Amino acid sequence: PMGATGAAVPVHPSHASAPATSPATSPAPSPVPVGAPPPNGVQPPAPASGAAPSLPPGTSYPDFHYLPPSPQSQGNASPAHPQPIDPSQHPPPSTPAPAPPAPSSHAPPAEASASPSKMVVFRICGSRLDRKDMFSKSDPFLVLYAAAPGMDRATATRDSPDWKKLHETEFVLDDHEPDWRPFQLPLYSLCGGDEERPILIECYDWDEDSHHDFIGYCITDLAELKTCPSGLKLTNRRRIGIGSTAGYLKVLKCALK
């Protein structure tokens, strides 16, 4: 300022006015990456109970996302340690018992239910057997065969190789109505417990030279024999005469023992 005489009057530094500034606006702050310190070193105040921090008035942080502080960053506060668990107060969870297996819809094979100690008692006689000797009656005897597992009676034939010889009766001299002595066979060997498994019975005329003459045969099963049929037909397709029937067998007894 100028005095009355036109000379410059000194101004105290405290009364000096600030230099004029340009009214131009300051440049926009550059974006801050997520997790990086905010611009100008200004840290946001600590949030309360996990809430986002409040910023000072007139301050903005572009693209700044709040991340809750970890326990290690909160001063000297140490993270909480897990407390030991008393086993008596917290018993381990009980393991449920496994469910019983569902019953099978398939019946066990008959062989599994056939006890080796079970026996089948037979008493069989013949009736009207064919004559095989020229000057005398036949001397008949029987031979019994068991079928292999899986053989079906409807398709079984006498000449099948799957028959297994089980028993041979004694021969009865000069008799076309023989009554053989009772005999018994193991149930397991006879049919494996399967009463519908086929059984082959052959009838022969005994000869001293061991060239026994075939009289006839029948294929049956234990289920039929237990009914004690009185007329099991013996078949011989090479029989000389009318028809192929060479006689009959009568089952007087067939029972489990």
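# Structural briefing: fold, core and charged pairs

The structure is a predicted model, in which local features need pLDDT of at least 70 and side-chain atom pairs count only at pLDDT 80 or more, whereas totals for chains, interfaces and linings use all residues. Residues are numbered from 1 along each chain as its sequence is written, and side-chain values use heavy atoms, with hydrogens and water left out.

**Overall architecture**

- The protein contains three helices and eight strands, where helices (H or I, at least four residues) and strands (E, at least two) are DSSP runs numbered from the N terminus.
- Along the sequence, these elements follow the pattern α-β-β-β-β-α-β-β-α-β-β.
- Of the 257 residues in the protein, 28% are buried.
- Among contacts (heavy atoms within 4.5 Å) with a separation of 6 or more, 61% are between residues 24 or more positions apart.

**Nonpolar core**

- A nonpolar core is a set of buried Ala, Val, Leu, Ile, Met, Phe, Trp, Tyr and Cys residues joined through side-chain atoms within 4.5 Å.
- The largest such core has 38 residues, and those with the most contacts inside it are Phe-122, Leu-142, Trp-163, Leu-222 and Leu-249.
- Leaving aside residues up to four places away in sequence, Leu-222 touches Val-120, Leu-187, Leu-190, Cys-191, Glu-195, Arg-197, Ile-199 and Cys-254.

- Seven of the seven residues of strand β2 (residues 140-146) are buried, so the strand is largely enclosed by the rest of the structure.
- In a regular strand, side chains alternate between the two faces of the sheet.
- In β2, Pro-140, Leu-142, Leu-144 and Ala-146 point one way, Phe-141, Val-143 and Tyr-145 point the other way, and all are buried.
- β2 pairs with strand β5 (residues 198-205) in the antiparallel sense over seven bridges; two strands pair if DSSP finds at least two bridges between them.
- Within this pairing, Leu-144 stands opposite Ile-201 in β5.
- β2 also pairs with strand β3 (residues 164-168) in the antiparallel sense, over four bridges, and Val-143 stands opposite Glu-168 in β3.

**Salt bridges**

- Side chains of opposite charge can pair when their charged atoms come close.
- The structure holds seven salt bridges, a salt bridge being a side-chain nitrogen of Lys or Arg within 4 Å of a carboxyl oxygen of Asp or Glu.
- Asp-179 and Arg-123 are joined by a salt bridge between their side chains (2.8 Å, N to O). Asp-179 lies in the loop between β3 and β4 (183-186) and Arg-123 in strand β1 (residues 119-127), so the pair ties together parts that are 56 residues apart in sequence.
- Asp-179 is partly exposed, with a relative accessible area of 38%, and Arg-123 is partly exposed at 34% relative accessibility.
- Arg-158 and Glu-202 form a salt bridge through their side chains (2.7 Å, N to O). Arg-158 lies in the loop between β2 and β3 and Glu-202 in strand β5, so this pair ties together parts that are 44 residues apart in sequence.
- Arg-158 is partly exposed, with a relative accessible area of 32%, whereas Glu-202 counts as buried at 4% relative accessibility.
- A salt bridge links Lys-165 with Glu-168, and their closest N and O atoms are 2.8 Å apart. Lys-165 is partly exposed, with a relative accessible area of 48%, and Glu-168 is partly exposed at 40% relative accessibility.
- Arg-153, Asp-221 and Glu-224 are linked in a network of salt bridges.

- Most residues other than glycine have a negative phi.
- Arg-128, although not a glycine, has a positive phi of about 55 degrees. Arg-128 is located in the loop between β1 and β2 and counts as exposed at 58% relative accessibility.
- Asp-174, also not a glycine, has a positive phi of about 45 degrees, and its place is in the loop between β3 and β4.

Terms used. Buried < 20%, exposed > 50% of the residue type's maximum accessible area, 1.4 Å probe, protein only.
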